[in-house]
Amino acid sequence: MALILKRREIPILLTAFFAVYMMVAYHLTLPWLSETSQFTKDLQTFSQILGVMALGLGYIAIVRLHVGYISRRIKHPQHWLWSLWLLIVLAIVTIVGLPLGSFGVRSAQLRWVYDSVLLPMRGAMYAVVSFYIASAAYRVFLARNKEAAVMLGCSIIVMLTNAPVGELLGTWVGGLGSWLLSVPCMAGERALAICAGFGSLVLAWRMITGRETGYLRGAREGGAE
Amino acid sequence: MAKTESVWAKMSKVDRRWLFLALWIVILLPYFVDLSLPLKITKMSQDYYNYLNNMPKGSVIIWGWDVSFAGWSEMEAQGVAVTKLMFKMMREKGCRIIIMGYREECGHLPERVLLQLGMHPTQNPDYGKMYVHLGWLPGGSVGMSNFAKNMRAVLPKDWWGTPLDNLPVMKGINQIQDVNLVIYIESGGCEAAISQYVVPYGTPLLVCAIAQNVPGNMPRLDAGLIKAMLAGIRGGAELEMLIKELGVGNINITGISTTHIVLMAFMLLANIGYFIRKSKGET
Amino acid sequence: MSLIVKGRLFSGFFLLLSAIVILMMIEWAKRGRKLSLRRIAALDAIDEAVARATETGRPVLQHGGSDPSGNDTIANFSIMNYIARNCARRGTDYIVAARSTAGLPVIREIVSGAYEAEGKLDVYDEYHTIRFGSPEQFAFASFFMDTVATEKPAFTFMAGGLSGEALTLCESAVLAGSIVISGSSGQLAVLFAASDYFLIAEELYAAGAYLSGDPLQMGSLSGEDYLKIFLVSLAVIGIASVSLGSRWLFDIFNM
Amino acid sequence: MATFEESILAFLTVWGTLCIYSYTFKDNPFWKWATNTLVAGYIAYSAVVNIDWLLNSIILPMTKSMNYIHLLGILVGFLWYFRFWKKYFYIYRYALAMNVGAGIGISLPRTVRSDITQQIGATMLKLYGTGTLLGDFTNLVIVFSVITAMIYFIFTIKHEGPVGMPIGWISKAGRWVLIVTFGVAFGNTINSRMALLLGTVYTLMKPDNKIYFGILGIIILGYLIGTELLERRKVAPEIITTQKPD
């Protein structure tokens, strides 16, 4: 029995069924096979709840990882005491967020957590990258060749368009900047979007036909060869 | 001769922390010296404002949030300004506003803005009559698609637990066809909203985009999938001017000027240094 | 009432067509169809960069990619196999900075397989070569930068689900004096500016297909190309007819 | 005057932000503290918010009137957790497969329209007779750019021979289009990142937070510079010997 359940065909068939059914239902108007038929609606509600039920996966994975670090008393990539601190924070936020007593998602305590810790810190985390943009602009953004020069020129015009200071140079800057954005850049992005669409088409068809099973284990069996 | 060479060579190797220091200085500068410059309203923001202004009376508008905590630092200007405009439309035109989120953070973020504007249910007795906050909708595309067909199946209650059937604002609104407009504020792309609302049902969509995603959204704007777009912090500042309520956008836009000047100066210096070194055969 | 919802006919047809073309091309490639690809500049650069690392005696560092489910990561694994074999052959120090727990076993398999194929399994030290950082974005970034600072690689290859943190990684590697080749379908502009060579979106997939010779990837690539040629020709016909004042093709697209 | 609670809030906000910014100086314990706190806080936050949705929208309504689809979703949802059971981990693939399948089925046909057919449709522009010279020129640029950039992404035609050569030229033009695109996108990315930075600084400079910004900023910066100087004194000779000529 276990051998049958272990077979890769079962998940592939499930993927194929869900994907193909939804695609067909999207296009047809039959009373029993359309986007608004009861079965389609039920299937979507089911999928949505199923997706949310994965909420604990990341949670458990990170607990396991850091419990492992602590039990092995590792020093690299970070000292195990930091892992201990991580688990403490995890426990505190979880307790504050669960509906126990006066706690819960809408409680003042959780508002504290996201207002004073998560919101400013996550913003700052991404803002750190802006410092690197500054250093990249200085160090890497050289007009070494024609390509780099054109790119540099376009960036500077767009920067002048985005900042109010550009208008001091005249209205042509803003005009040129918006033209660059809405004509050549738009066209380039359109080509990129079309190609990205093809990328997802290819991946989807490979998954549906079971040629691409990487997502089921982490990666394709047998590696890349 | 040898001396100049070493100066330019040194300049290319300067510790990046000096650049960071320069950046800190110009970021903090506008808080001490008034450097504000006049802001010209761009066509994109004007179109956005006009589109909302021309909405007929009594429209039903979904004000959808898809901003992460990380993106909020940039999107605060737009988020607050659009919310203000929504409430203005609610008062003046009797539009019904349905606030909702599309990711984990977006139950709390709109709540925070409602508190800030004095429109939180504990502060405003009108809550539920003309506007509602539905909380957040999990499931990404699958969730959106489901919500579009059958709102009450997946969000039977609002963010504070009141059943939707008890809220007068939700009367007669069961599916996306009952909604006249979707506004979507994003920090991670608006593809899901386009593919779940616009493509199958043709619901008009306005997007408030983080500046980084503006180029990526341009083809969709051009193809008419997005009706109008507000771009980055500048869009936020311009909308604040259009609704005549200046806020965080107009404070930070000055910083955009100063930081951009410094960055351009960095680029220029680096390139001058590079060309001088190149002409001397140093590279 | 028609059988098909109005406005969904053409896109539905295209969906079906794409399935047929892509699956047929994959099947054809599996039966041994030989495909030749156009030259991709960054691919030649990979060889040169590995050679330079060998000369200078400094290591080659590769980003292990995030969770292995997308096209980017698949391509990264193909390139990983190529670079690992190259390094094993030349005796160059090779390091992978792994990010995803799900990807870790795959990376181990690929790298040990590459060393085995070159008959260098005796010099392969897994703990030295494959280093696991953290699945979390910025914790990984910090780990990666740490690795760059201590190992001073001569060549850094990055691909596979790069996002907001990518610039910090790239910048730290450039500062350490490394050649950086990256490939991604996101963060294009930033990486294009900051790396020495950049594989733009599909170029990365093509590079992965080319280096591995995998019929699945090759076949998909060729299928995509046929579809692109089809669409480009439709666009040209459409532009011509619209310019002449007729919108029939446009109407078909909206059917 | 801020209340005690508000002061603590302000202190925490500034402290967390500055701990993260300390990283721009170098790797240090403040940053380690901040990143571990943030990872844990964020994961726990998203878990509890998800649980809250499940409880409020699915489980509690179920106690009033039974909805079998909801019940089935929850029961099948437990298959995810087989992932952590070594012996039967493969059962977890079933949940994953259904989830992936539904995702593909729902987004693919719509993406084909929004990202492929609609985009090609929007490229079918009039090349002359739009009324203005700029309009004609703009349309020409759009058409030229989209087509050349798409041809750049065709890989299976070698740029040799009578057919390949012209395609090679077109493809080169496409690369230039992409470079202009990246230039514009880079400018916008800079704008975005600077706005993020300014947004966090705006929080730091709020009246309640300003004072902590000053104090904590000096403390953290002092620590960083102090340790840096100490380290430099220790490793200075080594740096000189290992520095390579550029």
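**Reading the model together**

Tutor: Among contacts in chain C between residues at least 6 apart in sequence, 68% join residues at least 24 apart. Contact here means heavy atoms within 4.5 Å. This is a predicted model, where local features need pLDDT of at least 70, side-chain atom pairs count only at pLDDT 80 or more, and totals for chains, interfaces and linings use all residues. Residues are numbered from 1 along each chain as its sequence is written, chains are lettered from A and ligands numbered from 1 in the order in which they are written, and side-chain values use heavy atoms, with hydrogens and water left out.

Student: How many helices and strands are there in chain C?
Tutor: Helices (H or I, at least four residues) and strands (E, at least two) are DSSP runs, numbered from the N terminus. Chain C has 11 helices and 6 strands. Its C-alpha atoms fill a box of roughly 65 × 40 × 35 Å along the principal axes.

Student: What is the order of the strands in the open sheet of chain C?
Tutor: Strands of a sheet pair through backbone hydrogen bonds, either parallel or antiparallel. Two strands count as paired if DSSP finds at least two bridges between them. In chain C, the order is β3-β2-β1-β4-β5-β6, with parallel pairing. β3 (130-132) and β6 (197-200) of chain C each have a single partner strand, so one side of each lacks a neighbour in the sheet. On average, neighbouring strands of this sheet are turned by 15° against each other, direction ignored. Such angles come from axes, which are lines fitted to C-alpha atoms, for helices over the stretch in contact; they run from 0 to 180 degrees between N-to-C directions.

Student: How many bridges join β4 and β5 of chain C?
Tutor: There are 5 bridges between β4 (residues 155-159) and β5 (residues 179-184) of chain C. F155(C) has I179(C) as its bridge partner, and M158(C) stands opposite S182(C). Helix α3 (residues 71-90) of chain C packs on the sheet, touching β1 (60-63), β2 (94-98), β4 and β5 of chain C. The direction of this helix makes about 165° with that of β1(C).

Student: At what angle do helices α4 and α10 of chain B cross?
Tutor: The axes of α4 (residues 69-93) and α10 (residues 232-242) of chain B come within 8 Å and cross at roughly 30°. That makes α4(B) roughly parallel to α10(B). Angles under 35 degrees count as roughly parallel, over 145 as roughly antiparallel, 65 to 115 as roughly perpendicular and the rest as oblique. Among the residues of α4(B) that meet α10(B) are A77(B) and L85(B).
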